[in-house]
Amino acid sequence: MNRKLRAQIVAATCAVGMGVLVARATPAAAQAAASLPANVGSGDCGRDCLQGLADQFIGALIAHDRGKVPLAKGVRYSENSVPLPIPDGFWKNATGVRPYRLYVVDPEWGTIGFYARMNENGDPVIVSTRLRVYNHQITEIETIVTTERWRNDPPGAATADNLGDKPRPEYTQIVPPAQRRSREELMKIVNTYFTGIENNTGDKPPIFSSHCQRMEDGRPTSNVPVPPGRERGGINMSCAEDLALGYHRNDNRIRSRRVMAVDLEHQVVMTSVYFDHENDASIRSYQLKNGKTVTVTDTSPQTLQAHETFSIDREGISQVEAVFTNVTYGTRPYFSTGFHMDSAEAVKDGFNEYER
């Protein structure tokens with residue numbers, strides 16, 4: 001990126017308080033046209049082509065057969081941040097697929113992200129995947145596989161079906177061209193979400209829509225009715241109120257933030273991010289703006305890997321759908337493909353956000 005363009009992006013970002021977007025080095029002409037990161041696809045596979053490859057990929061998983069999808073020579077595959085050969089891991093254990101499918105199609109970057117409800121040896125899982133496509137072949141496969149059972153549920157607990165067979169309509173409606181935000185603007189709005197949560201004190205509110213609804217691993221984590229006899233907490237509040245009060249302060253480093261795909265037609269952005277919880281004594285108990293004290297029960301450092309997908313409307317972030325999995329504390333992403341967004345805490349800590 002040339003100095004002039006970098007200055008324009010930084011200035012525009014700082015002017016609206018959204019944090020700095022950092023792109024990998026790329027020819028200036030390409031950056032100016034579309035914020036094109038290094039190592040994205042070739043852009044020669046349109047929307048139908050990319051969605052078709054995603055469906056072929058799911059079929060190959062179910063068949064445990066890499067020959068059922070066009071893989072490039074030297075294709076790379078990661079599952080829950082770990083590089084694996086093909087077929088291995090979920091490629092060997094996928095036993096079924098259900099109707100639910102959320103696509104984030106980015107023909108300009110030659111990439112597609114998607115969520116699918118599947119089965120792993122009969123157990124219900126959500127699979128989030130990013131495919132990089134070059135010359136109509138898949139060159140990178142980045143996957144998270146996580147159980148649909150809520151991580152705090154006891155074994156064998158009944159699981160409510162909150163996703164159904166179709167994604168929320170906000171993710172699939174076609175936005176008229178005149179009402180669409182640019183790729184750069186969408187990415188900046190999304191970064192306010194991570195900047196707002198990191199070390200949250202309620203003073204860095206993300207740009208939320210009044211219609212915001214958040215889902216994590218198939219469960220709602222905002223606007224949930226308060227069960228009888230229970231105290232109202234962050235999960236029972238709107239997206240904005242939850243963060244404005246200062247919840248999630250123990251999400252103290254949200255780093256390795258990458259935009260993996262931007263679906264301009266639907267105004268949807270798919271990201272990869274890592275949530276570090278240091279869980280030191282100073283953060284295991286903190287006070288909200290309403291005076292309530294929050295106690296963090298975890299006593300060891302933890303990292304969650306997430307693929308988070310955002311629908312943006314005229315007001316801001318309208319829908320959030322996240323897939324989380326636990327990884328070893330401090331795990332870096334295997335892939336660095338995509339548009340990078342700074343974590344202020346990672347910069348402060350001198351944390352290398354990507355493998356070198």
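Mentor: Two strands are said to pair if DSSP finds at least two bridges between them. With that in mind, let us consider strand β5, residues 111–120, in what is a predicted model.

We may begin with its neighbour on one side. Strands β4 and β5 run antiparallel and are joined by 9 bridges. Within this pairing, Val97 has Met118 of β5 as its bridge partner. The two strands form a hairpin with 4 residues between them, and here Gly110 takes a positive phi near 65 degrees.

The other neighbour to consider is β6. It also runs antiparallel to β5, and 10 bridges join the two. In this pairing, Thr111 stands opposite Arg132 of β6. This hairpin has 2 residues between its strands, and Asn121 in the turn has a positive phi of about 50 degrees.

We now turn to the surroundings of the strand. Of the 10 residues of β5, 9 are buried, so the strand is largely enclosed by the rest of the structure. Here, buried means under 20% relative accessible area. In soluble globular proteins, nonpolar side chains tend to be buried together. The largest nonpolar core of this model has 29 residues, and Met118 is among those with the most contacts inside it, along with Phe90, Trp91 and Ile141. The element that gives the most is helix α3, with 7 residues.

Note on methods
Residues numbered from 1 in each chain as written. Predicted model: local features only at pLDDT ≥ 70, side-chain atom pairs only at ≥ 80, totals over all residues. Heavy atoms only, no water. Core = buried A, V, L, I, M, F, W, Y, C linked by side-chain atoms within 4.5 Å. Buried < 20%, exposed > 50% of the residue type's maximum accessible area, 1.4 Å probe, protein only.
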